[in-house]
Amino acid sequence: MEIKNVNSKVVVGKIFMASQLDENRSFAQLIQQAETDPEFQNFLSTNNVQNQRTSLIVFNPESFMLFYGAAFDEKVALPAGFNHYDLPKAEVAQELTEGVNLSYFSQPLNVTIPKFLEKVTEADIKHYENIGDSPTPYILSELNLETKKLTQSLYLKES
């Protein structure tokens with residue numbers, strides 16, 4: 001775990017609301033639907049990001065939403081049915097994990113989020129107890145399917 005400065009990014013993809021979580025507290029079925037959607041695959045191919053997947057959790061004090069798609073350094077054409085979220089240039093707490101596959105995004109969020117935040121806390125990095133109270137209420141997870149490396153970032157503050 002380390003603190004890094006990252007440039008602004010644009011996350012493009014499908015939005016899933018907290019109310020759409022399944023009985024396992026995951027978005028597994030919705031992510032599977034996205035993965036088998038020809039428009040989603042075409043979007044990834046058109047933008048040459050077939051080997052990348054990104055989830056962005058945007059918290060508010062009472063709930064959250066999840067973007068599932070890909071992250072870019074600048075804006076890209078937005079296909080119908082897709083949304084985007086602009087992330088600021090920021091200081092983040094970042095963890096790199098090797099040996100991860102696409103099934104990571106189908107795991108229950110009530111397991112993956114606390115596990116990641118526990119690592120942040122163990123590294124003695126100060127963060128909001130309720131991420132939704134933060135001015136930068138984001139957890140970004142970027143997976144390279146080719147290298148099987150997952151980069152998770154908790155946004156600490158804009159820079």
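Reply: Start with the fold. This is a predicted model. Its chain comes to three helices and eight strands. Along the sequence they follow the pattern β-β-α-α-β-β-β-β-α-β-β.

Me: How do you know that the radius of gyration of the chain agrees with a compact globule?

Reply: Set the value against the rule. The rule is 2.2 Å times the number of residues to the power 0.38. For 159 residues a compact globule would come out near 15 Å, and the chain has 15 Å, so the two agree. The C-alpha trace spans about 45 × 35 × 30 Å along its principal axes.

Me: What share of the residues is buried, and what share of the contacts joins residues 24 or more positions apart?

Reply: Buried residues are 45% of the 159. Among contacts with a separation of 6 or more, 73% join residues 24 or more positions apart. As for the surface, the chain exposes about 8,500 Å², with 46% of it from carbon and sulfur atoms.

Me: What puts the buried residues of helix 1 on the same side?

Reply: The buried residues are Leu30, Ile31, Ala34 and Glu35, in a helix that runs over residues 28-36. They cover an arc of only 140 degrees around the axis, so they sit on the same side of helix 1. The face turned away from that side carries the exposed residues Gln29 and Thr36. Cover for the buried residues includes strand 2 (9-17), helix 2 (38-46), strand 3 (52-59) and strand 4 (64-72).

Me: Why is Thr112 called buried?

Reply: The cut-off is under 20% relative accessible area. Thr112 has 9% relative accessibility, so Thr112 counts as buried. Thr112 belongs to helix 3 (residues 109-122). Beyond its neighbours within four places in sequence, Thr112 is in contact with Tyr104 and Gln107.

Me: Why does Val6 count as buried?

Reply: Apply the cut-off of under 20% again. Val6 is at 15% relative accessibility, and therefore counts as buried. Val6 lies in strand 1 (residues 2-6).

Me: Which residues does Val6 touch, beyond those up to four places away in sequence?

Reply: Val6 touches Lys89, Ala90, Val92, Gln94 and Tyr155.

Me: How far apart are Val6 and Ser153, in sequence and in space?

Reply: In sequence, 147 residues separate Val6 and Ser153. In space, the C-alpha to C-alpha distance is 9.6 Å.

Note on methods: Residues are numbered from 1 along each chain as its sequence is written. This is a predicted model: local features need pLDDT of at least 70, side-chain atom pairs count only at pLDDT 80 or more; totals for chains, interfaces and linings use all residues. Side-chain values use heavy atoms; hydrogens and water are left out. Helices (H or I, at least four residues) and strands (E, at least two) are DSSP runs, numbered from the N terminus. Buried means under 20% relative accessible area, exposed over 50%, partly exposed in between (1.4 Å probe, protein chains only). Contact means heavy atoms within 4.5 Å. Accessible areas come from the Shrake-Rupley method with a 1.4 Å probe; for residues, only the protein chains shown count as cover. The arc is that of the directions from the helix axis to the C-beta atoms.
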